[in-house]
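Have a look at the model first, and then read on.

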Amino acid sequence: MRPFDPRLLRFARSARLLLASGMLIGIVQTAAIVGFAWALAGLVTGFIEGRHAFELRGLIALFAASVVVRALAAWLWELTGLAGAARVRQELRKQVLAAAASLGPDRLRDRSSTELATVAGAGLDSLDGYFARYLPQLLLTGIATPLLVVAMWSADPLSGVIVALALPLIPVFMVLIGLATSAVQRRQWEALQELARAFLEVVGGLATLILHGRQHRQVTRLRAVTHDYRRRTMRVLRVTFLSGFVLELAGSLSVALVAVTAGLRLVDGTMDFLPALFVLVLAPEVFLPVRNVGAQFHASADGMAAAESAFAIIEEAADHRAQSEPGDTDAARVDSLSAAAPAPPGLHVRGLTVQRGDQRIVDAFDMDAARGQVSAIAGESGAGKSTVLDALLGFAPASGLVLLDGAPLTLDRIAWAGQRPQLVAGPIIDNVTLGARRIDTLLVQRCLALTGLAGLPLERTLGPGGSGLSGGQAQRLAVARALYRLLERDLPLLLLDEPSSALDEAAETALISSLRELAAEGRIVVVVAHRESVLRRADAVVRVGALEHV
Amino acid sequence: MSEPRLSQAARAVLGLARPPLHRLLPAIAAGALSAASTVALLACSAWLITRASEQPPILFLSLAVVGVRAFALSRAVFRYLERLLGHDAAFRELAELRTGILSRLIPIAPDGTRALRRGELLSRLVHDVDDLQEHPLRVIQPLASTLVVLTAAVTGIAMLDASAAGVLLACLIVGVVLAVTTQSLAAARAERTIGPLRGALADALLDHFGAFETLRAFDAEGASRERVLALGNALQRASARAAAGAGLTAAVMALASGAAVLGSVLVAAPSLFAGDIGAPAFAVVAMVPLAVFEVAGAVPLVMQARRIAHAGAERVAGAVPAEAPAGVPVAPARPASVPAGAPHIALRSLSARWPGSDRPAIKDVDLTLAPGERVLLQGPSGSGKTTLAHVLVRFIDYQSSYRIGGIEARELHPDSVRRIVGLCEQTPWLFDIDLRQNLVFAKPEADDEELLAVLERVGLGDWVRARGGLDAPVGERGALVSGGQAQRIALARALLADAPVLVLDEPTANVDGARAETLLRDLLAASGDRTVLLISHTGAPTELIDRIIDLEPTRETDDTPASA
């Protein structure tokens, strides 16, 4: 991992502000440290030389001021870091959401919805550790360390040289040890994952184990696995902790070296008391930021890994935009018929082909769905029925010809309900009128009645993901939502994917009657179904996978 | 401190994570020696430089020179030892912690705790338990060693100058108490304001991406995105406000440190002028507070870790009760002997409730299963079909009568009942190992040939050959296996266990329509002449079953959440 990812500045502009203010605070804080050390050394030597507090009031004031500035700087570090992290999070979130919108469902299909929600949500929370703790120390290492070395050098060149020599040794040793341990650490991390999994598996599979009477030996097994893990891990840690050891040792030995050389020169009379005390106070401060960077490194690793996933989506969207630059939209991939041809009413699909990777999911699919009819798409499971609908909706990359009343099919002429209900948190009425231009309570009630949900209170609030409904109810509500869009906008085409798979026979019959009613008003209704009871009552059936018309 | 007291149960959980004293003490001692070296290094250096400025014969300095070098070394060495010893003790305790939690879970699993019924609660529990191993490392050890060193340092200063020691102690107490208080106030406030917003944002994001296609198809993606971003903005504002409190801890410690140094210098100066202490001792009194506060800086961090550990312990204690809650079957002291052969199953006006619930999930259920019979149990969701399945395998207790071959089930050992009545769960757990290991635990003496034969019977023969045999991995939580295949594997396990009565709980719940019927046919065919109770809300082909039983909901079924 790189210590700092420049993409953070590119994608999150507020990170620049954060860096700039961080540098400013860093410089002020360093000045306060030097002032503090100078005042303290001056006070101690002053009192030892027999001067009274009143004579030393200037130094006392400098000391107090340095302490206050230092405390203020410490407070500002956290304040700007945390507030800045919150800003950067929101900025990245905005860009991830925009990127997801421009990528569309098809390019996001490799990522689960929970994964995406984590990338734009909880994942970004770990940036707090990065911005509020790691980055300040990294900046301080860059700003304070050289300034403090210069301050030491100007007071006493030899001490300056000692710390300047010791400092670079730290990263050198750490790299050497890092090289020696990185392979070991990877194994350690894997062992850790394995162990976490072992516990999860026993606890999660407990019901299954009990069913087979295998629960009793698990305690012994788990103890053995954990002890084995401890032995392996401790072997690794002995080496891993060496890097911390080197950091501590280099820091404390330099302080010791500064103290001893200064002491010896004081005895010789080749050095003054005041600068000696001054460099002694400063010496530990020089090493503090470097030590803290090491300590905060893993907090930063979590944060950067989170940012990394966000960058991946943002960059993918940018690449996608760059590739499809000159007016080549997804809709254009499905050719439109030349204007010269006659425009037959209804939905006409010719040679619709969907290819993902080297897999052809839908191969030259043809279909004619007339106005006023319920058409069914049938086929074996996995034959690509849902993919046909995805292609019609523009959610799957397709080639071929799709015409609705002679014009290319667009999303704004379709009302659709997918296989999964995809309900959202909020009142029932909000779910039914999703994306609607106007809220018509009577129409909402009619749509609910058409799907057999007449009794459902419109104001009842659903939880996230539409929780609070049974599977069958959720499915009907999704269909009601599609019907509302169909009727409110008076659209020509209704696409339903397995609308009755969770319904019993009576409910299914009622739903199909409703659909036939809607079709009879001159609309095109297309239903993906596998049940014979649905196919029997459709006006036309098209099979996917086989070109047979029934 | 302004936090609620830790409950008895949570304290017991934390006790599981606490290493025994003989493992804890070496780590605490190493930590204390390392921190003490930090203080001693500065004290010794200050003494050395001040004494040297008096230009004594160099001989008088040699002890200090040795001391400075020794403390520089010992600080790093003891720190290294502290980390090694501390981790070793914590890892040893991890085994106790995990097995302790598991031992508590076994008698109440799977229905005595919600943690095992819901996926996100399960991962939370596992995560919390693993986090508790940090408790000795981040709380007990540093707190103990810091307190030892702070006490020693203040005592040491007191031997040089009592009033300076008083100033140092006062600044330490005020600084640490203020820092810890502001920190816990800031944390409580963040919990109050940021926590709910964070939850709302996470839910909104899940809805946004969970319903992404629908939002797009309904022109509602932009509006949903606006809603998410509005919540994000509110969260950002709340975080910025909370940040002001979070930084106070460091500032308070810096101020207290400065006050301690200045105060010590000012109150020790008269002793210096009076000749009570020499110049070197004065320098030590002036400088030591710096190192003392560096050590004390650990305390606010410890208190933060402590708060997190306590919250985790409370959650674990809540999820894993120490005693089995009412409604979880307990093995009888003297179990009856098991009826031989394929028994009759008879339920008479049986009712049952989930542990922790006060209303019955099923009521007055009468059901008989003759040997070899195939019965379909249907009913709307929420009517208690899964409850009945769990009663039959004694995961939950019942009222009235459930007889197996004429013997009341509660008089049998629950393990024996499960050898007679097998269950294929709605979502069977697949272990993230190979296929063989996922089967063989149901019958440890089975060889590969037998395993392959049973896979053939449940219709997985071609699949297992295509996947390369029994060594094929099934993936984490069965990620490489479809819902229907998981059901078939579960049935294969049940067939290996060879229970004469099989309960199939919604085997087609995670299988799409066209495959559901094939799956049902295959499952029933593979069950052979066993008694089968098939639970399904979508029904089954009538020619496959002997009898249908309708389970009526106890009340207002349709309002029952789908997850129940």
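The crossing of α6(B) and α10(B) is right-handed, meaning that the near helix is turned clockwise from the far one by less than a right angle. The model is a predicted one, where local features need pLDDT of at least 70, side-chain atom pairs count only at pLDDT 80 or more, and totals for chains, interfaces and linings use all residues. Residues are numbered from 1 along each chain as its sequence is written, chains are lettered from A in the order in which they are written, and side-chain values use heavy atoms, without hydrogens and water.

Helices here are DSSP runs (H or I, at least four residues), numbered from the N terminus. With an angle of about 25 degrees between them, α6(B) and α10(B) are therefore roughly parallel (under 35 degrees). Axes are lines fitted to C-alpha atoms over the stretch in contact, with angles from 0 to 180 degrees between N-to-C directions; for this pair the axes lie 11 Å apart.

Which residues meet, with contact meaning heavy atoms within 4.5 Å?

| Helix | Residues in contact |
|---|---|
| α6(B) | B:Ala164, B:Leu168, B:Cys171, B:Leu172, B:Val176 |
| α10(B) | B:Val285, B:Pro289, B:Val292, B:Phe293, B:Ala296 |

Between the chains, 130 residues of chain B are in contact with 127 residues of chain A. The buried area (accessible area lost on being put together, 1.4 Å probe, summed over both parts) is about 11400 Å², with 72% from carbon and sulfur atoms.

Finally, just after α2(A), A:Gly50 takes a positive phi of about 90 degrees.

Technical notes. Helices (H or I, at least four residues) and strands (E, at least two) are DSSP runs, numbered from the N terminus. Angles under 35 degrees count as roughly parallel, over 145 as roughly antiparallel, 65 to 115 as roughly perpendicular and the rest as oblique. Contact means heavy atoms within 4.5 Å. Buried area is the accessible area (1.4 Å probe) that two parts lose on being put together, summed over both.
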